[in-house]
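Let us walk through a protein model together, one group of residues at a time. Keep the 3D view open as you read and find each residue when its name comes up.

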Amino acid sequence: MKNISKIYFTLCIAFIASCTNTVPPAEKANLTQFVDPFIGTGGHGHTFPGASLPFGMVQPSPNNGTNGWDWCSGYHYSDSIIVGFSQTHLSGTGIGDLADILIMPLAREVDLAKPMQNREDITYRSAYNHDTEKAVPGFYSVYLPDNEVKVSLTAGLRCAMHKYEFDNDGKQRVVLDLAHAINWDKPMQTEMQVLDDSTITGLRYSKGWATDQRLHFAIRFSEPLSTFQLVDKDSLVNSSSVVGSTSKALFEFSGSSGNTLKLKVALSSANRQGALSALEEIQTWNFDAVKKRASSAWEDQLSKIVVESSDEKLKRIFYTALYHTQLAPMTYSDANGNYKGVDGAIHQSDGYTKHTIFSLWDTFRAAHPLYTIINEPQVGDFVNSMLAHYDESGLLPVWELAGNETNTMTGYHAVPVIVDAIFKGIEGFDVEKAYQAIKTSGMQDIRGVNFLKEYGYIPADLENESVTKNLEYAFDDWCIAQTAKKLGKQEDYKYFSERAMSYKKLYDPETKFMRGKLSDGSWKTPFDPKYSAHRVGAEYTEGNAWQHSWFVPHDVPGLIELMGGNDAFATHLDSLFNQDSNITGDNVSADISGLIGQYAHGNEPSHHIAYLYNYAGKPWKTQEMTRKIMKTMYNDQPDGLSGNEDCGQMSAWYVFSALGFYPVNPANGIYQLGSPLFDRATINMGKVSFVIEANNVSEENKYVKSVSLNGKVLNENQITHQQLMDGGLLVFEMTNNQAESR
């Protein structure tokens with residue numbers, strides 16, 4: 001009888017476990033209703049409100065025609081002028097570019113030959129009012145009173161669709177400006193050809209942040225042209241084509257078919273044929289049908305994480321954040337599979353979709369780990385895109401933009417992205433080739449790596465931003481070492497493991513900070529941990545010692561030991577958050593924002609820090625601080641981001657933290673637990689789902705009393721990626737009493 005009872009008990013436990021691993025996904029809801037693309041368009045968020053598909057190549061969106069820092073995306077909520085609608089945009093970067101192929105509809109006459117040196121000179125601009133703007137995933141619209149037209153925009157993957165509804169029947173005009181006066185880059189060559197009475201093709205080759213950007217385009221109108229004017233260098237061109245440096249065009253339509261005109265605008269970085277082929281991606285002139293497909297694509301994407309809460313504001317913040325994480329990296333190979341490589345040649349993406357816009361200094365931290373959970377098929381494409389960059393340039397990308405290496409920011413952070421994909425079993429790329437690429441990037445002789453190899457650290461008198469570079473290279477080197485070990489390359493494992501410990505040479509036990517060390521081994525003086533210098537004479541990238549001294553995600557126990565053990569470490573963390581927020585220096589980086597004490601959530605180096613309390617045995621402090629950051633640094637207004645969105649990283653932090661966990665080390669497959677926001681969240685991963693329940697959760701109940709996974713109490717403050725991907729049920733028991741927390 002005892003044996004029968006034991007067997008029955010075992011079967012019951014197995015049944016319960018099997019149920020928890022196949023938790024049914026929550027019923028689909030209209031999740032796009034919770035996305036507000038205007039969040040982040042104010043403040044320093046630098047996002048854009050226009051239309052796009054997830055990871056889409058084309059993003060039709062309004063341009064204000066101002067190139068100030070807060071207009072990096074081409075648009076800022078504080079503005080009141082629109083100069084047109086361009087087809088490419090950057091989401092949340094700290095440097096501006098793109099905003100290519102500017103189109104503007106209007107009913108009135110304009111003189112395109114008039115010189116346009118600033119925004120006030122632009123004859124086709126219009127005022128606008130936010131009351132007439134609307135933006136939802138895959139759709140944007142606005143009324144332009146000066147131009148007497150309502151503009152609506154939607155998008156396919158490589159082809160945008162515009163709809164212009166003019167106030168009155170009559171002549172309709174469309175300006176195409178390839179050299180508009182206010183832009184972040186300089187046009188080097190512009191081309192337009194009128195192929196027939198409804199099709200235009202062309203090229204915009206420009207130099208800016210991307211020093212060699214080439215964008216071929218094709219435009220098709222729903223109505224035949226009645227007349228057109230081509231202009232270059234402020235002079236009319238009597239031809240059906242123009243090649244110059246400042247090409248513009250004015251297209252006129254009779255309006256005999258009604259007051260609505262539609263356009264399709266398709267892109268390719270490779271050639272005209274690629275753009276023409278992309279026009280065929282949208283087969284219909286039914287604008288609402290294209291808009292519906294875009295909305296459906298976003299609904300499918302957002303449904304990968306379904307959160308349940310009575311607080312709709314929280315859902316707006318969460319789903320807008322999730323939306324922002326899916327705007328980049330953008331599709332780059334054209335409709336024929338071609339793209340312009342970093343070497344300037346045209347390449348074919350064979351068996352994968354080439355992507356661009358890799359803001360790796362930012363996105364390696366949380367955005368790319370998020371993709372391994374909800375965008376696994378795209379991760380292989382991202383890795384292959386980086387390996388193609390390696391083939392074309394000899395190194396992995398640092399900050400890749402439209403087929404260009406900008407070498408912006410520090411580290412070689414394609415490495416952790418690729419290593420994370422290898423260890424998580426992502427398929428579709430050559431692992432041995434990937435290893436050679438990460439090792440080659442780790443052995444480069446530029447960007448301070450040469451000094452790291454020579455001195456064992458990066459001397460502050462030989463390399464700018466030496467401390468940040470050293471710390472970030474140490475983490476990247478740890479990633480290389482782990483891959484070498486996995487592949488049986490013992491000598492490489494030993495070499496890169498030693499380099500991964502180079503961070504210890506920069507730690508000053510007297511001040512308890514990572515400091516600039518000179519080539520003679522002495523500390524650089526004077527030293528002020530609050531001092532910031534932007535780019536010039538700096539030891540830290542866009543920050544100071546308070547913000548950067550914590551970046552040792554591969555060896556947090558080693559960092560704790562350096563700082564004197566758990567209690568001393570936690571006390572020093574407390575000091576970070578409790579300091580005054582004064583930043584010293586004459587050239588303080590504007591990127592230091594979202595301050596809590598000296599913690600700067602508005603910039604990425606701080607993002608993992610609140611979770612470090614877990615390692616020191618004080619998880620309630622992680623829970624308390626992550627809740628404070630979520631509450632004070634994010635909201636559902638245009639200024640709802642505390643710093644640059646940075647191509648999804650600022651939002652990825654929120655997505656993870658609101659679910660209740662975060663990848664402090666973004667390449668070891670371990671997530672540190674925090675304090676979830678929602679009653680229930682379901683992560684849908686195809687065949688299985690992972691459900692997170694937070695019992696008794698509220699704004700006050702931010703502390704975690706206990707956690708269980710599939711009915712088994714967790715004694716550690718972490719879960720693994722494999723546990724998550726296996727599916728199951730993670731249950732948090734929440735309390736408002738810090739003394740009851742685990």
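W653 and Y662 are both buried, where buried means under 20% relative accessible area, exposed means over 50%, and partly exposed covers what lies in between (1.4 Å probe, protein chains only). Their rings form a tilted aromatic pair, 6.4 Å centre to centre with 50 degrees between the planes. For the rings of Phe, Tyr and Trp (its six-membered ring), a pair needs centres within 6.5 Å; planes under 30 degrees apart count as stacked, over 60 as edge-to-face, and the rest as tilted. W653 and Y662 also belong to one aromatic cluster, together with Y611, Y634, Y654, F656, F661 and Y671.

Before going on, a word about what you are looking at. The model is predicted, and local features need pLDDT of at least 70, side-chain atom pairs count only at pLDDT 80 or more, while totals for chains, interfaces and linings use all residues. Residues are numbered from 1 along each chain as its sequence is written, and side-chain values use heavy atoms, with hydrogens and water left out.

Stay with W653 for a moment. Its backbone oxygen lies 2.9 Å from a polar atom of the side chain of S657. This is a polar contact, meaning a pair of N or O atoms within 3.5 Å; within protein, one must be able to donate a hydrogen and the other to accept it, and residues adjacent in sequence count only if both atoms are side-chain atoms. S657 is found in helix α17, and S657 is buried, with a relative accessible area of 0%. Helices (H or I, at least four residues) and strands (E, at least two) are DSSP runs, numbered from the N terminus.

Now follow Y662 into its sheet. Which residue is the bridge partner of Y662 in β33? The partner is Q672. Strands β32 and β33 (residues 670-673) pair in the antiparallel sense over 2 bridges; two strands pair if DSSP finds at least two bridges between them. The open sheet has 3 strands in the order β32-β33-β38, with antiparallel pairing. β32 (661-662) and β38 (718-720) stand at the edges with a single partner strand each, so one side of each has no neighbour in the sheet.

Next, look at helix α16, which runs over residues 619-633. Its 15 residues reach 21 Å from first C-alpha to last, close to the 21 Å expected at 1.5 Å a residue; the expected span is 1.5 Å times one less than the number of residues. Buried residues in α16 include T622, M625, I629 and M633. An α-helix has 3.6 residues a turn, so residues three or four places apart point the same way.

Let us turn to charges. Side chains of opposite charge can pair when their charged atoms come close. A salt bridge here is a side-chain nitrogen of Lys or Arg within 4 Å of a carboxyl oxygen of Asp or Glu, and the count comes to 31 salt bridges. One of them joins D636 and R316, at 2.8 Å from N to O. D636 lies in the loop between α16 and α17 (649-659) and R316 in helix α4 (residues 312-325), so this pair ties together parts that are 320 residues apart in sequence. D636 counts as buried at 12% relative accessibility, whereas R316 counts as partly exposed at 28%.

Another salt bridge joins D477 and R499, at 2.9 Å from N to O. D477 is in helix α11 (residues 466-486) and R499 in helix α12 (residues 490-500), 22 residues apart. D477 is buried with a relative accessible area of 0%, and R499 is buried at 6%. Salt bridges can also link up: E109, K171, R173 and E252 form a network.

Helix α11 brings us back to rings. The count of aromatic pairs comes to 35, among them F475 and F551, an edge-to-face pair at 5.9 Å centre to centre with 80 degrees between the planes. F475 lies in helix α11 and F551 in the loop between α13 and α14 (556-562), so the pair ties together parts 76 residues apart in sequence. Both F475 and F551 are buried.

Finally, a ring can meet a charge. The charged end of R365 sits over the ring of W361, 5.0 Å from its centre, and K486 lies over the face of F423, at 5.3 Å from the ring centre. To count, NZ of Lys or CZ of Arg must be within 6 Å of the ring centre and within 35 degrees of the ring normal.
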